[in-house]
Amino acid sequence: MFQTASPARTATTRSPERPGPPEASQATSRATSALRQLAAALLLALPALAFVPHAHAQANAPSDLGMTFTQQRSKFVGASADDFFYLRGASVDYAVSMFHGIGPVVSLNGLSVTNVRQQIDIHQASFLGGGRYTFSLGHITPTIWNRKGSIFAEGLIGDSIATAGFFPSGNKLVSNSSGFTYALGGGINYKLYHRFELRLMSHYFVTELPNGGTNQQRNIQVSVGVNWHLGN
């Protein structure tokens, strides 16, 4: 059987043809499922967003808006230990430190890779929410201008939607799929100028997309970019 790669599939000796256009009922079912997955992911963000105005109104709680370039290392199913491929894209996240550095965080990242093994295209979007602990490195002086930066650790859960691939579904292959996702990781923000900071972070990123095997992909993400810090 044709196996998917992590997160989409592996190649076999015989290259299958892409599945033809689905019937109307199947297309409607998949669209409904995708909308449900998206709605569930957005619901994860609502508790965090609800606390933001309250936190700033009462204590001007510090918050961070990060934008990074992200690279994810994934492995082909059933391949040798060093048979990896890489997805690249961008991540955006927003976190509020509400109580001694602890607070909610929401994250969105979009990754893709094309022409893997001369036939595989993968496009993946992940919507995540969870909690973050941020430890401030302090200030040279009490002003925001002299903030040194921070270190943070976080845990996230949500959903990933993958398209443009081959995903096992019963006895056939489909081009779109979605699955539960969680991530554990953290990073560092190092002050560059005023509220702008350099951000470096890494995550153990697990998606549960169908692959004809374990239906789970254990990936490593590394990100670099900038952070905009609000508050003290």
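Before the details, the ground rules. This is a predicted model, so local features need pLDDT of at least 70 and side-chain atom pairs count only at pLDDT 80 or more, while totals for chains, interfaces and linings use all residues. Residues are numbered from 1 along each chain as its sequence is written, and side-chain values use heavy atoms, with hydrogens and water left out.

Strands to begin with. Strands here are DSSP runs of E, at least two residues, numbered from the N terminus. Two of them pair if DSSP finds at least two bridges between them. Take S2, residues 84–96, and S3, residues 102–116. They run antiparallel, joined by eight bridges. Within that pairing, Val92 stands opposite Leu108 of S3. Five residues sit between the two strands of this hairpin. His100 takes a positive phi there, near 50°.

Now move along to S4, residues 120–136. S3 and S4 also pair in the antiparallel sense, over 13 bridges. Here Val113 faces Ile122, the latter in S4.

Next, the charged side chains. How many salt bridges does the structure hold? Three. By salt bridge I mean a side-chain nitrogen of Lys or Arg within 4 Å of a carboxyl oxygen of Asp or Glu.

Start with Arg132 and Asp93. Their closest N and O atoms are 3.1 Å apart. Arg132 belongs to S4 and Asp93 to S2, so this contact ties together parts 39 residues apart in sequence.

Arg199 lies in S9, residues 196–207, and Asp93 in S2, so the link spans distant parts of the chain, 106 residues apart.

Back to Arg132, which also meets Glu154 in a salt bridge, 2.8 Å from N to O. Glu154 is in S5, residues 149–163, and Arg132 in S4, so parts 22 residues apart are tied together.

Arg132 counts as buried, at 3%. Asp93 is buried too, at 4%. Arg199 is buried at 0%. Glu154 is buried at 9%.

Key
Helices (H or I, at least four residues) and strands (E, at least two) are DSSP runs, numbered from the N terminus. Buried means under 20% relative accessible area, exposed over 50%, partly exposed in between (1.4 Å probe, protein chains only).
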